[in-house]
Amino acid sequence: MGASAAPGAAPQEEAALDRVLAEVAGITGSHAAGVFLLVPDAQALRLAVVTGLSAGAVRPWSRLALATPAPVSVVAREGHPVWVHGHDELARRFPRTAFALPYRLAMYVVPLHTGTTVSGVLQLLWPDTRPDRLSPDERAAVTRAADRMGGLLTQAAARGRPLRPGAVPRVLAPDPPPPVPSGEAQAAADLTERLNEGVLALDLEGRVTFLNSRAAELLGRDKRQLMHTRLWESLPWLIDPAYEDPYLAALFSRLPTDFTALRPPDDWLSFRLYPDTTGISIRLRTAPAPAGNRLPPTTPSGTAPTRAGALYHLLYIASSLTEAVGVRDVAASVTEQIMPVLGADGLSLLTTDEGRFQDVASRGFPRTHKDFFRGLSLTVDTAGSRTVATGVPMFFSDADAIRQAFPLVAPYTRMGAWAFLPLNASGRTIGCLVLAFALPRAFPPDERAALTSLAGMIAQALERARLFDTKSQVARTLQTALLPHSLPHVPGLRVAARYLPAASGMDIGGDFYDLIRLDGSGAAAAVIGDVQGHSVNAAALMGQIRTAVHTHASTGAAPADVLTRINRLFSDLDTDLFTSCLYAQLDVPGHRALLASAGHLPALLRHRSGRTEVLDVPPGLLLGVDVAAEYRAAEVPMPPGSVLTLFTDGLIERPGTDLETALRELAGRLSAATDGSLDDLADELLREAQRTSGGRDDIALLLVGPVPGTGG
């Protein structure tokens, strides 16, 4: 394998997962396959293990945001398989992925379930020359493999050593070809020497494993100089995306490809690539100059080579900036997706504020470098401040060039090449994107133009994100002001409440909760509700309903009457929004509760023994649907040590799971929870909700219950 196990992983299950992957690829004839696993707390998928491709080839595509509209992400989110046959279908259904993988492929992606949760996906690739449907046997084989993989993930988690993706994917070595008698091998080598064309063999990493004398002659190098090296590292004139693309096409599609390249000064060579499971065989011949005698750009020896697939993936990740919501999203896109594709060893995303640099995101630099930029005045003459002042990019191809320009800036001397790119948006420069490379780099004109354009897209995304964050903060502040700052103390009653806004979206939600002390005899009312929609209007209605509940509750009205009166109030509020509400009147000394519901999710009651039940409360219409609607209440016992759980749908809803199943799962989590404070229980429930739902909706949670050991 090409990489070691992830730290803390379970080697037994990891090895078994690798075996299942190799088996299903062999059974289905898939030339490449991989397993993506969810990255904990990152809302991302990372390629954990791959077969049929090298780590270098898959690196640009080895990490995907869970929200990305790509087959792998969609399957992980929705839990259903996806079959795509050919690039045309891929472009129609997943245009961003088609940008990144413009090759002739068929793919099948299936979820890996651990219980009712999707913890990863299995992806298999074929050439698009295969039939446009999977056979029943192929589907059955993939289903069996996915079930086995899901079982291994579950087993590893149960042992306390869950399988996690490593920093780079493990690469399963292909099965070695049958041994060839030494006499036959020598005869084959002698045969290639008699051919009037070059013959080369590359492994899946692109390293030369064989070449005949004619190939060495045509390439202008000694055999020993080329063996076990990558051609584009040994031959600078092959460093060109136009030449890399056919190589990647052969690697990913397993179909023959070809290209013509210029060997300086004026020799044109024809490369014909034939891929198989162990690598790529190449036929090399002289060729006439192509029409127009196009001279591709060359990269000087010693500079960093173009990354495999960088051109296509750059288009892909640049489009991902349009989906970034806040500044943190932009920073994550830049550092986690764009930086690896560019091959940069260091990156800083700097904005300006009151004449100083602010470090929005940095990666790859030592702490001293980040400290140098953080808070640095724009009056100090640095490459960054000059770029901001002029709005013009600056490129330094080696350390000597930047040392001569800025001899007093010590941090600049620790890298081999630098690019300082202005973040231009709305007619002004709002900051600077700093890229650093360990090796010298030529920065040819087309690369300079591409990097400058990319910086412009980042600047626009960053400006939108800053505006979003400002508006979002105002909205959250207003929403927080509408919710109770603290809950009253009721003797003999434990209580914990949580409100968690959605992870994205700046509109104000309508989820609310409250606890109302009714009189001095230990009576209280617990309320949970959800106004339809996310808007200022929803928040305003939420505030009016909370006030109305307080007013009617304080009169001693029964739960059903409280809901009936509030429902009639809707006719005076001139709103087309509906509201769900669950009202519970708590008799703490009597250890009972009266509950009435207006279309809200049922409450759950956890007994001191741990047994948890979904309470059966008479259903009622949502508030605002019918002004004449009436509501009924149900009485339930609430013995000491029990916990009444009231919540909004954000706590349990997630794609692909029905309400009944979600309620059972929540009841199971409550039953399994350890006895402790209600605050700990509330935090535990929120953590699980965030893990499974990704924070798609607001969450309001209210836990109440008699103190253990009180009364009868």
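In the predicted model, Cys 581 has a relative accessibility of 1% and therefore counts as buried, the cut-off being under 20%. Cys 432 is likewise buried, with a relative accessible area of 0%. A disulfide is a covalent bond between the sulfur atoms of two cysteines. A search of the whole structure returns 0 disulfides.

The protein comprises 712 residues, and 53% of them are buried. Its secondary structure amounts to 21 helices and 27 strands. Among contacts with a separation of 6 or more, 63% are between residues 24 or more positions apart. The exposed surface comes to about 31200 Å², of which carbon and sulfur atoms supply 54%.

The largest nonpolar core has 61 residues, and the members that touch the most others are Leu 219, Leu 231, Leu 238, Phe 252 and Phe 271. Helix α11, residues 241-253, provides the largest share of this core, with 7 residues. When residues up to four places away in sequence are not counted, Leu 238 touches Leu 231, Trp 232, Tyr 243, Phe 259, Ala 261 and Phe 271.

Strand β5, residues 105-114, is largely enclosed by the rest of the structure, because 9 of its 10 residues are buried. The strand pairs with two others. With β4, residues 82-85, β5 runs antiparallel and is joined by 4 bridges; here His 85 stands opposite Ala 106 of β5. With β6, residues 117-127, β5 is again antiparallel, and the two are joined by 10 bridges. One of the positions involved is Met 107, whose bridge partner in β6 is Leu 125. The hairpin formed by β5 and β6 has 2 residues between the strands, and in this hairpin Gly 115 adopts a positive phi near 70 degrees.

Leu 112 is located in strand β5. Its relative accessible area is 0%, so Leu 112 is buried under the 20% cut-off. Apart from neighbours within four places in sequence, Leu 112 is in contact with Val 35, Thr 117, Val 118, Ser 119, Gly 120, Val 121, Leu 122, Ala 146, Met 149 and Leu 153.

Val 75 is one of the buried residues of helix α3, the others being Pro 71, Val 72, Ser 73, Val 74 and Ala 76. Helix α3 spans residues 71-78 and is mostly covered, with 6 of its 8 residues buried. Just after α3, Gly 79 has a positive phi of about 75 degrees.

Ser 119, one of the contacts of Leu 112, has its C-alpha atom 9.9 Å from that of Leu 163, a residue 44 positions away along the chain. Leu 163 belongs to the loop between α6 (136-158) and β7 (170-172). Although placed in a loop, Leu 163 is buried, with a relative accessible area of 8%.

Pro 264 and Pro 265 are joined by a cis peptide bond, with omega about 5 degrees. Pro 265 is in the loop between β10 (257-263) and β11 (267-275). Ser 426 is not a glycine, yet its phi is positive, about 55 degrees. Ser 426 lies in the loop between β16 (417-425) and β17 (428-437), and its relative accessibility of 63% counts as exposed. Phe 443, also a residue other than glycine, has a positive phi near 50 degrees. Phe 443 is placed in the loop between β17 and α17 (445-482). In contrast to the exposed Ser 426, Phe 443 is buried, with a relative accessible area of 1%.

Helix α19 contains 15 residues, 559-573. At 1.5 Å a residue the helix should span 21 Å, and its end C-alpha atoms are 21 Å apart, which agrees. The buried residues of α19 are Pro 559, Ala 560, Val 562, Leu 563, Thr 564, Ile 566, Asn 567 and Phe 570. The residue following α19 is Asp 574, which has a positive phi near 55 degrees.

Definitions and conventions: Residues numbered from 1 in each chain as written. Predicted model: local features only at pLDDT ≥ 70, side-chain atom pairs only at ≥ 80, totals over all residues. Heavy atoms only, no water. Expected span 1.5 Å × (residues − 1). Buried < 20%, exposed > 50% of the residue type's maximum accessible area, 1.4 Å probe, protein only. Core = buried A, V, L, I, M, F, W, Y, C linked by side-chain atoms within 4.5 Å. Contact = heavy atoms within 4.5 Å. Disulfide = S-S within 2.5 Å. Areas by Shrake-Rupley, 256 points an atom, 1.4 Å probe, with all protein chains shown as cover. Pairing = 2+ DSSP bridges.
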